[in-house]
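Have a look at the sequence and model below.

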Amino acid sequence: MKTAALMSGRAKTIAAKAPKRNDDRVILHFDYDCFYASVLENANPGLKGQPLGVKQKSILATCNYAARAHGVKKLMSISEAHKICPGLVVISGEDLTPFRDASKRLWSFLRSHSWSNRAERLGLDEVFLDVTEVIAYNQELLNRNALQDSFFQLSRHDPEKGFGFDATQFFGCVQPSVDPTDLVLLLDNPLCVRLLLASHLAGYLRLKLEEDFGYTSSGGVSTNKTLAKLAGSINKPQNQTTLLSLREYDVQDFMDGHKLRQIPGIGSRIAQLIQDHVLSIKTTPDPHGLEIGAKVTAREVRQFASMSADLLERILNRPGAERGSGEKVWNLLHGVDSSEVKEASDVPTQISIEDTYMARPLNTPSELMRELRALATSLIRRMRVDLVVTYDPDPSDLSSQQNTQQHLRWAAYPKTLRLSTRARPKPNGTSTPTPEIFSRNSRSQPLPSFALNLKDASIEAVAERLASEALLPLFRRLHPERQGWNLALINVCVANMVMVAGPGETGSGAGARAARDIGRMFRTQEDKLREWTIYDNTPVASVLDTAFSSANVADIVKSIPQSEEEEKREDTIDAMDELVEASEPIAVLLDSDVDAWEDSDEDESQRCHLCGHIIPIFAISAHERFHSIGD
Ligand code: TTP
Ligand code: MG
């Protein structure tokens, strides 16, 4: 009685102005353990058990748990790691291909278990899975008289496909913990049954990831993405946690214990504004940024005098702030998150390739052209791997029978090409870079049609043209100076994907027709582009050198006709890109494994404005590159 009274009293204080959480969905979150290191171990099983670090530039992108046992940490410098662990095996992780491939394989397996096809990757090593439907189906099947011998059906059509499990207990950890003797009673609660079933499904899938693919993982089970991700981070590695949200304050207590910045979706800028308000301070811009949002907990913010969604909206109301941020944050503080797990698609939303030049900045035309060519080659190669499919030709189409190359078509094609750069921070008298260290400048234009030519152009030939005819002019618009740009990073990216109907979708021969449609559409586009594209038959390097070394450079650049209309069109594209980026779901802002990074004792560190991780200065470029990894 006493407990019940206490419970209802507490529930009332929370309910006063708390947003309502919808617990109808069941969401699983997976985070593969020391992912890059695991990929390399699987490729070379002899490495298993040895301390292993994965190198990118001069830092460890990650390290396995054997290395972590010696005190080696993610993003540590190689020299520091060797000092701590002389036996550390270090392998290069510069080529992301094996990581992307493994990520896709694991994601494909997981996605096949969402009956609503909702399986969303976050970076390369995290996946959200909406399993609401398969759980509801199995909830109906559960036999209360034989709980210990339950069978989880993975298919509606094949009752034999599934796994046996003991429904008298949860799989893995439960938060808050539950006394097994109470569980039978709790099973009267349908939400508890759903979460229990989901814990077994998560356990089964994690086991399959390990047995069939060789990857251990950490798992979170809850009713929305934020809660599932936070739950999953409680017991790492190789474990899972179900957040049992049966009573309202279970979720509130869980959320209250988190520092503001640990909550996925609350970026460092938002966290700083709220923290300043709650602590009645004005943080002077701190280049280290270590304290942002780390001083106040969700509880302190929530219980702050007159705190509400409206007050948060006022606190966050700054130029460029997104409307509704106050409500979004207020919801997150209460564990409310209605964002959907994105529907799985085989087509990436964008493909982005970049390289960083922290040790040696990029400064001269020949260095620049070499880099643009290399980036363009990787980009075209990636586009052909990710976006091109084979199709059966239309038998009545004689031309297609003569050329096997025509059996390839774009399943989707990007409309926009973007080039971004970041200069090295200017020395400002201190050894610490300013927060602008992360700022990038970019320019976009429609992707030239030749980039989609599959018929008679090699990857290298297309890349060469892309570098000289599109990327170089974009670069000049960003950096009109002849040389000495002092660049730390160049990124090339294609975005705004358009799906192309396949033959199976619209009848025989549609693939070939679709391919012709693309050609037609881009011919029109190329006609427009021709006005301001440099066409020159001289080899690329010399075009560049001439352009940059002759006194007429500025004239050449200026002479590229660029009508007001063109200018406007490009601005619109830039603005559209920004819109696309700005409207990207909070997923891009989600933290991964905040804890492991918070305790970094690096002196020279800075907080990443995207994810809030504390990054040693020397690791910033590699970390930034990590954020830009597309699908
Ligand atoms: P994380 O999930 O942060 O790390 P992890 O999977 O290696 O380790 P954990 O067991 O703690 O989950 O990042 C996933 C992969 O992304 C990681 O294996 C390496 C890569 N990565 C970078 O390359 N640069 C970075 O800055 C970060 C954060 C990750
Ligand atoms: Mg991981």
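## Ground rules

This is a predicted model, where local features need pLDDT of at least 70, side-chain atom pairs count only at pLDDT 80 or more, and totals for chains, interfaces and linings use all residues. Residues are numbered from 1 along each chain as its sequence is written, chains are lettered from A and ligands numbered from 1 in the order in which they are written, and side-chain values use heavy atoms, with hydrogens and water left out.

## The six-stranded sheet

Let's start with an open sheet of 6 strands, in the order S5-S6-S1-S10-S11-S9 and with mixed pairing. Strands S5 (119–122) and S9 (173–175) sit at its edges with a single partner strand each, so one side of each has no neighbour in the sheet. On average, neighbouring strands here are turned by 20 degrees against each other, direction ignored. A note on terms: helices (H or I, at least four residues) and strands (E, at least two) are DSSP runs numbered from the N terminus, and two strands pair if DSSP finds at least two bridges between them.

S1 (residues 27–32) and S10 (residues 217–222) pair in the antiparallel sense over 6 bridges. In S10, serine 218 is the bridge partner of aspartate 31. Helix H5 (residues 97–111) lies across S1, S5 and S6 (126–130), at about 155 degrees to S5. Contact means heavy atoms within 4.5 Å; axes are lines fitted to C-alpha atoms, for helices over the stretch in contact, and angles run from 0 to 180 degrees between N-to-C directions.

The aspartate pair links distant parts of the chain: aspartate 31 is in strand S1 and aspartate 125 in the loop between S5 and S6, 94 residues apart. Both aspartate 31 and aspartate 125 are buried (under 20% relative accessible area; exposed is over 50%, partly exposed in between, with a 1.4 Å probe and protein chains only).

## The four-stranded sheet

Another open sheet has 4 strands in the order S12-S17-S15-S16, with antiparallel pairing. Its edges are S12 (351–356) and S16 (441–446), each with a single partner strand, so one side of each lacks a neighbour in the sheet. The twist averages 15 degrees from one strand to the next.

S12 and S17 (residues 487–499) run antiparallel, joined by 6 bridges. Aspartate 355 stands opposite isoleucine 490 in S17. Helix H15 (residues 365–387) lies across S12, S15 (412–423) and S17, at about 150 degrees to S12.

A cis peptide bond joins glutamine 175 and proline 176, with omega about -10 degrees. The bond from lysine 236 to proline 237 is cis too, with omega near -10 degrees; proline 237 is in the loop between H9 (225–232) and S11 (240–243).

That loop between H9 and S11 also holds glutamine 238, a non-glycine residue with a positive phi near 50 degrees. Cysteine 34 has a positive phi as well, near 25 degrees, and counts as buried at 11% relative accessibility.
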